[in-house]
Amino acid sequence: MNQPNPLQAAQSADEVIFLLGSATPTQTSTGRSSHVVTTKGGQVKTAFKIVDASQLVISNNQDGTINPNFPAELQPRDRTRLTSKIQVQKIAASLRPEQLTDSGLSSQGAPIIGPDNVVESGNGRSMGIVRAYQQDQADDYRQFLIDNAEDYGLSADEISRFKHPVLVRERQTEVDRAQFARDSNISDLQEMSASEKAFSDAQFLTDHTMALFSPSDDGNLLAKSNMPFVHAFLREIGDTASAGLLTDDGRPTKQLIDRLQNAIFAKAYKDDRLVKLVSEEPDPDMRNILTALNVAASDFAQMSVASGDNHKDTVSELVGGIEEASELDKQAIAALQDAINLVREAKDNGQAIEEVIAQRGLFAESSKEAEALAMFIVANNRSAKRMGEAFKLLASKINDEIIHQQQAIGDMFGTVPVDLKAILSDVSAQIEKNYGQGKGLNFAMFESATGSAGELLQYCESEFDVIAVINAISSDNKRVPIDLIALQKAAANGVSIDRLTFELHEIASHIPIAISLDDVKSLCIRWMLNAYPLPNKLQAPITDILKMNLDNAETIPGVISALQSAMSEAKRSALNIDEVMGTGRDVVTKAGVTKNISSTVIADGYTQSLTDLKDLATKYGQTYLATEADSCIEQLRKLRDNPDKLMPYIQDVLKTRDSIRLPAEQLRFFLSRAEGRGEDNEHDFKTYYEAMSAFSDKQKYPSSVNKVIHSKVKNAFDSLTESAGITSDQSALWAKGIVLGYGFKDSIGDPFDTRQVVASAYALAGGKIKTLTNIGHEPGIRAYASKHDKSVVIDRQRDSEDVLWHEIGHHIEFSNPHLLDRAKSFLKMKAGSRVTYFNSGSVGKPEYIVRAGMSKPYMSKIYMSRGLDLRTGKIQTAKPSISKCLSTEIFSMGLQLYKNPDYAAASVLNDDGLIEFFLGCMKELHSAN
């Protein structure tokens, strides 16, 4: 890996000038040699040198997130964990220079780096040193390096020129870097969590070692047949590490058994959740399940190799469940994990597994494959042998299918992929053959969904939808009884159980006694178009598929199954956002929106700020300041088209000139004492602070530059609005129908025209806002949008116009259900494969934000369902998951960019892609029905 050149990475001319103007040494030549030994006995030659802290390539950023520029194979530790963050903070708070110098062990002393400044050993120490510098706690460390420079063959004078020097050892011996990093971390295994050790140990389980894996039928790892595997593992981890894993007479200890089992799970299942189940959450009652997984471990490890899945990160994406996994091996692991979770939930709550599965619909969903596996596990919990055989069969059949698909590549006739349900059916048939009827997997769950009221009721938004669903599932002049689980699902979507139950009973008398199959089919098509409307390009083919499947349906359950399949296909089509992003890029490019800011724009921004400052200085009699500002303005105009000279002038003069800063302080004092100027005084205060922001170290560009960027963003929005096909009369008529609550005026005396805002938003969305009917005012509240009440509520006295735009953006998402799926896909694209969340809310009211690298973290906030748990009587919030969130902030923040210059500029300069995504979706709405 080549260390990136900061100058090459600079995004603008002023960044280049800043780097040149503030340049300090980045590293010294090497000093004396130092030999180190890894725990496994490998000898490596290193040489001391000084590197500036900013030049080190460390595995993790200071907030714990993974550094994308760091080679993942060089970090066997999970430093995103809280324990690692605490360790780094402790190092920073009590930095001891003597412990960060020479050492005969590669796992101790000064960090060891490669020729490219990538830290190969000592990432935690490096993070601690950097943190200490950031917190101004490293003065003693820096002075120690200067005072003892000669001990390391370095120059004290040279070190003193570094702002943030770090003593490192540069590796001189050629090695396998990944192996060296692992060997250098072995001594740290005692500090690792059990799951961290598991994944570190799993890397020692080579294909050759796994070929020796042969536990007994009941999963005993110490069986005679498995001893060659145990000895091979001990050889791989090295004599020092294995010494504490054997008794004095050479017998394996419990610690060795635990490490072996954990490593095997990490190698075979490659899923943090399964590894933590066995390594960090031991439960005696679950022992047979773990034993069965052990029996099948070798087959699952082979399955991963066959599919080309050789790293645990590729399975980390399975946190959303089986529906997010595309390959059979990943689907199987996801289903297995979900099944075990169901079993644990049943055990913890003292419930039957069937009851847990039935109630799962309130807060979470599980696949039918996982439910069938869970029921099989419960039915066979006393027979690890039978479960192990089923799991081995599952992996073996997936291996065969993967190999078959790979061999079929290039075959002109191709191959029909086999899904997980079909494979589980084969496994079940084999178990039934071996052990008798009733011993296989229970597939009743696969069939029951097609006739369940709950599957459709969860999409209902009114009593009319409820009537339609009940009509659709009624047959033979009999009504389907009210389903408690269906009511729970409806409650989770915002409808109270009491109210819905009342409505169901009230409307029951109005339901037709009989309804023809053709009527049901027509009803399903109409319901599909209303419940999940799509742009024409996507809607037409899905509607055609639905109609074709409905034509072939001969029963009510068959009709509902066709409808459910169409819904699934519609959602899948909404997840593909490539075309949307391309359309949005075309719009912003045409409007001239770019993150590259020209020197001319920057010069004009500073000129505007100085002009405002000059006018204020003249107004308040600060002649000296006015003269100085005028002089700077004149120089900026001369250098406006010469970035090579302009940027040094801005960096070295405007940012440091006392003649600007000191009189400005005097002006602030004068302004604070000025009286009798009324509105002028308030306006001057605002003008002054905006002008002074140009010279703040905290702001990259003057606010006037942000306004230039925002003007182009606004042009992109306006151009799209003009092409939407909504006339001003149409949008004004719609806005007139919005009910404005107490505290609003149509425009007189208001800071902004509420109806004009909603009219503009309506036109931009192509008229596709149907969930907003009223706007209310509540003093002192945090603004919000409600889908259920079809409202927006803001604090009229406090909230600015862009807040109203923001809340209307929620209704764009509410009104167009496919946009929620589009937003989910956008968040996954931004977050990458390692989706993590942090809780931004208070205790008892969690608010989750996806770590997606947006300019404003709030942009990637998601909202999970909250509802009443009938078992406990408590309000519960579902676990964070992009796939299962109920709403996002994507479209609200996207629409807010239209009115907020600072947010818009930050998004453009950060290259969020939010503007492109938002406008691409709006363009698509214009073509929707």
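User: What makes Phe717 buried?

Analyst: Its relative accessible area is 1%, and buried means under 20% (exposed is over 50%, partly exposed in between, with a 1.4 Å probe and protein chains only), so Phe717 counts as buried. This is a predicted model, where local features need pLDDT of at least 70, side-chain atom pairs count only at pLDDT 80 or more, and totals for chains, interfaces and linings use all residues. Residues are numbered from 1 along each chain as its sequence is written, and side-chain values use heavy atoms, leaving out hydrogens and water.

User: And why is Tyr898 called buried?

Analyst: Tyr898 comes out at 11% relative accessible area, so it gets that label too.

User: Why is the pair of Phe717 and Tyr898 called tilted?

Analyst: Rings of Phe, Tyr and Trp (its six-membered ring) pair if their centres lie within 6.5 Å; planes under 30 degrees apart are stacked, over 60 edge-to-face, and the rest tilted. Here the centres are 5.4 Å apart and the planes sit at 45°, so tilted it is. Phe717 is in helix α35 (residues 703-722) and Tyr898 in the loop between α40 (890-896) and α41 (901-909), 181 residues apart.

User: What makes Phe826 and Phe917 stacked?

Analyst: Their planes are 20° apart, with 4.6 Å centre to centre. Both residues are buried.

User: Which residues do ring pairs link into a cluster?

Analyst: Phe717, Trp805, Phe826, Phe891, Tyr898, Phe917 and Phe918.

Methods
Helices (H or I, at least four residues) and strands (E, at least two) are DSSP runs, numbered from the N terminus.
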